[in-house]
There are 2 protein chains.
Amino acid sequence: MSDRTRPTLATVAARAEVAPSTASLVFSGSERVAPATRDRVLAAAAELGYAGPDPVARSLRSRRSGVVGAVIGERLTYAFSDPVAVQLLDGVTEVLSPLGVGLLLLPGDADRHGPTLAQLAHVPLDAVVYATCGPEDDPALEHLRRREVPIVAVDGPGGDDVVLVGVPDRRGTAELTRHLADLGHRRVAVVALPLRLDGTRGPVTAERRARVHFRDVRERALGVEDVLGPVPLWETATNAVEEGARAGRVLLDVSAADRPTAVVAQSDILAAGVLRAAESLGLRVPEDVSVAGFDGVDLPWLPPVRLTTVVQPTTEKGRVVGRAVTELLAGRRPADAVLDVHLSVGTTTGPAPRA
Amino acid sequence: MSDRTRPTLATVAARAEVAPSTASLVFSGSERVAPATRDRVLAAAAELGYAGPDPVARSLRSRRSGVVGAVIGERLTYAFSDPVAVQLLDGVTEVLSPLGVGLLLLPGDADRHGPTLAQLAHVPLDAVVYATCGPEDDPALEHLRRREVPIVAVDGPGGDDVVLVGVPDRRGTAELTRHLADLGHRRVAVVALPLRLDGTRGPVTAERRARVHFRDVRERALGVEDVLGPVPLWETATNAVEEGARAGRVLLDVSAADRPTAVVAQSDILAAGVLRAAESLGLRVPEDVSVAGFDGVDLPWLPPVRLTTVVQPTTEKGRVVGRAVTELLAGRRPADAVLDVHLSVGTTTGPAPRA
DNA sequence: TCACTCTATCGAATCGATTCGATGATCGTT
DNA sequence: AACGATCATCGAATCGATTCGATAGAGTGA
């Protein structure tokens with residue numbers, strides 16, 4: 001084989017007897033090159049097995065690598081067991097892939113949420129997407145600012161130089177809560193997503209609540225209280241069915257008089273867990289207890305029930321993020337975007353049981 | 001602000017009154033630089049807001065970008081609704097992240113499975129992982145070969161220059177089938193993963209079977225037949241619960257005399273669908289019909305049943321892939337790896353009903 | 001035939017770092 | 001005091017392409 005050394009643009013140019021700059025023109029698809037020359041260069045490339053200009057060298061000049069980072073708060077298994085995260089990234093790639101831009105996963109691990117500087121520093125990045133709501137004091141943010149890497153954040157963290165894409169979490173949850181209130185519910189418990197990623201679960205104290213890390217978690221809690229006033233929050237350690245079930249068992253395994261008549265989970269995944277808990281405790285839904293979620297994801301294993309939830313356009317959110325990235329790559333500064341949500345009433349909420 | 005122009009190594013060196021080469025030594029953490037000089041350079045960098053050497057320029061010299069591509073056959077939403085894919089990538093990142101190497105998603109879309117050349121050609125890649133079993137005639141493969149990008153493939157596609165990581169699909173399925181045979185099952189149906197990604201579902205003809213695209217699908221079918229001889233295959237369009245349910249409804253909604261006494265699904269996800277179908281048809285598992293899967297993934301919503309399945313060490317498989325990539329990056333050529341599987345008997349298989 | 005306009009091609013600078021062989025300073029030894 | 005060894009620092013070449021201003025040659029019109 002002739003694998004002495006991989007051919008470069010210069011090799012190809014020499015073989016085609018043109019200047020490297022001309023060969024470059026050919027590969028960049030320029031019009032200003034004679035068809036005969038173009039063919040000669042292409043033929044030379046084919047003979048040498050040249051695969052096209054080296055992406056790295058190209059990036060150096062063009063200041064563009066075709067790589068956009070996706071910051072994932074946790075380990076992939078946790079993050080991607082959440083259909084919301086997956087759908088979101090799906091929307092992002094749908095927009096970016098045709099542009100030849102790829103998504104680079106930047107997951108955290110069990111301890112840290114978010115990538116280490118070692119992960120960030122060595123990798124070329126045209127932009128970064130905070131795919132799941134990130135904390136506002138992420139040290140990676142500072143590094144990215146220095147490198148002047150544009151940032152798009154879903155649901156947070158915020159910042160002057162960060163483009164935000166979100167939904168009205170508070171208003172959506174309030175609407176859902178109003179639906180419950182109209183059904184007569186007054187004793188409502190909230191099963192919350194993690195307030196911080198430190199593995200804590202259980203009832204949320206006022207002081208912990210003051211230190212909530214994630215905007216969406218805070219807003220969704222406030223939405224409930226806008227309608228009903230202060231309600232108890234039960235924090236989960238991760239967004240997982242099993243965590244929701246665990247919370248549900250604690251909240252529901254009490255005398256009927258103390259039991260909440262409705263449980264608002266901050267995600268559909270958690271709500272699914274609460275449903276399981278109710279089932280295992282022999283409680284009927286919605287006769288004994290109503291359950292609601294947030295997100296509107298498709299859980300093919302959930303039927304026959306249809307979850308009452310706040311539907312957010314997750315894939316579209318991803319597309320909007322993708323378009324925002326496109327704008328940033330073009331040097332423009334897109335405006336923040338807030339997409340709409342709507343209440344979807346299913347079969348898991350009904351009139352509050354009489355006291 | 002002093003955002004005239006982003007500082008480079010040369011700027012920093014000038015400010016610290018040293019040569020660029022010396023400044024480079026400082027950032028590469030070399031020992032051979034006087035502490036005083038180091039401090040001066042670091043101070044200059046801090047004053048200028050220099051974030052460290054540009055990854056792209058560094059890559060150009062070092063021939064290493066810190067980016068490894070992950071080829072995903074389908075859209076992310078489909079691929080990542082499969083816990084196997086997610087766990088696998090989780091294992092890969094677990095090994096690669098600490099090395100400062102990131103995973104770049106290269107998904108296909110509805111039509112094509114696998115990334116386009118446009119996606120591949122513009123992006124720097126040190127190596128590529130075929131995360132889900134890819135077809136053997138993928139045009140992207142040819143491009144990657146030309147670029148001399150090392151490839152690790154999970155379960156396929158094969159090739160001289162491709163490092164393979166897999167499990168004994170055939171033997172594992174055979175072991176499972178023997179378990180069923182020992183329980184008296186003779187009429188067994190197989191719910192197969194897609195043989196090709198063209199959306200086909202239904203009974204598999206001999207000619208279609210001859211053109212199966214994926215090694216693991218073929219092997220798992222053969223494993224059943226090693227024990228029982230020819231069995232009917234029912235193909236699904238995607239690896240999804242709903243697809244499994246659809247297949248299950250067709251296969252099981254017949255008179256008891258014609259009904260298979262056991263269904264072997266080629267994935268746990270499909271098996272979960274078959275279980276749902278059985279439930280909706282009023283069939284008891286395992287009294288009326290036994291159901292088995294493959295993978296051994298954790299489906300938190302599946303309890304109280306425990307699926308009989310062939311457990312493969314998916315996360316470990318990912319780690320092995322990660323290590324193989326590490327070897328390749330170091331210029332070595334690791335050997336192919338075959339990890340072990342084992343049968344896990346749950347509550348979904350039992351003695352065949354008497355005829 | 002001469003000046004002039006196009007247009008295809010070329011040369012050289014540039015992107016931002018790394019790397020290695022060369023250089024000069026410092027120190028110890030005899 | 002002179003010489004060699006050691007060590008920190010420097011210069012220059014290099015990685016592989018892109019880009020823009022320069023140039024030569026073909027084509028047009030008078």
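**Local features of a two-chain predicted model**

Glu17(B) sits in the loop that joins α1 (9-16) to α2 (20-27) of chain B. Although Glu17(B) is not a glycine, its phi is positive, about 60°. Glu17(B) counts as exposed, because its relative accessibility is 69% and the cut-off for that class is over 50%. As background, most residues other than glycine have a negative phi, and most peptide bonds are trans.

A further positive phi in chain B belongs to Arg63(B), with a value near 60°. Arg63(B) is placed in the loop between α4 and β1 (67-72) of chain B. With a relative accessible area of 45%, Arg63(B) is partly exposed. In chain A, the residue that follows α4(A) is Arg63(A), and its phi is also positive, near 55°.

That brings me to helix α4 of chain A, residues 55-62. Which of its residues are buried? They are Pro55(A), Val56(A) and Ser59(A). These residues lie on the same side of α4(A), because the arc they cover around the axis is only 95°. The cover over them includes two helices of chain B, namely α4 (55-62) and α7 (117-121). At the start of α4(A), a side-chain oxygen of Asp54(A) comes to within 2.6 Å of the backbone nitrogen of Val56(A).

I turn now to helix packing within chain A. Two packed helices are described by the angle between their axes and the distance between the axes. Helix α1 (residues 9-16) and helix α3 (residues 35-48) of chain A have axes that come within 8 Å and cross at roughly 120°. The two helices, α1(A) and α3(A), are therefore oblique to each other, and their crossing is right-handed. From α1(A), the residues that take part are Thr11(A), Val12(A), Arg15(A) and Ala16(A). Their partners in α3(A) include Val41(A), Ala44(A), Ala45(A) and Leu48(A).

The second pair is α12 (residues 241-252) and α13 (residues 268-280) of chain A, whose axes are 6 Å apart at an angle of about 50°. Here too the helices α12(A) and α13(A) are oblique to each other, and α12(A) passes α13(A) in a right-handed crossing. Among the residues making this contact are Gly244(A), Ala245(A) and Gly248(A) of α12(A), together with Ala272(A), Gly273(A) and Ala277(A) of α13(A).

Next come the loops of chain A. Ser30(A) lies between α2 (20-27) and α3. Is Ser30(A) buried or exposed? Ser30(A) is buried, at a relative accessible area of 17%, since the class requires a value under 20%. A polar side-chain atom of Ser30(A) is 3.1 Å from the backbone nitrogen of Arg32(A). Beyond four places in sequence, Ser30(A) touches Leu25(A) and Arg38(A).

Leu183(A) belongs to the loop between α9 (169-182) and β6 (188-192) of chain A. Leu183(A) is partly exposed, at 26% relative accessibility. Neighbours within four places in sequence aside, Leu183(A) is in contact with Thr349(A), Gly350(A), Pro351(A) and Ala352(A).

The bond from Val285(A) to Pro286(A) is cis, with omega near 10°, and Pro286(A) is in the loop between α13 and β10 (290-292) of chain A. In chain B, the bond from Val285(B) to Pro286(B) is cis, with omega near 10°. Pro286(B) lies in the loop between α13 (268-280) and β10 (290-295) of chain B.

Conventions. Residues are numbered from 1 along each chain as its sequence is written. Chains are lettered from A and ligands numbered from 1 in the order in which they are written. This is a predicted model: local features need pLDDT of at least 70, side-chain atom pairs count only at pLDDT 80 or more; totals for chains, interfaces and linings use all residues. Side-chain values use heavy atoms; hydrogens and water are left out. Buried means under 20% relative accessible area, exposed over 50%, partly exposed in between (1.4 Å probe, protein chains only). Helices (H or I, at least four residues) and strands (E, at least two) are DSSP runs, numbered from the N terminus. The arc is that of the directions from the helix axis to the C-beta atoms. Contact means heavy atoms within 4.5 Å. A polar contact is a pair of N or O atoms within 3.5 Å; within protein, one must be able to donate a hydrogen and the other to accept it, and residues adjacent in sequence count only if both atoms are side-chain atoms. Axes are lines fitted to C-alpha atoms, for helices over the stretch in contact, and angles run from 0 to 180 degrees between N-to-C directions. Angles under 35 degrees count as roughly parallel, over 145 as roughly antiparallel, 65 to 115 as roughly perpendicular and the rest as oblique. A crossing is left-handed if the near helix is turned anticlockwise from the far one by less than a right angle, and right-handed if clockwise.
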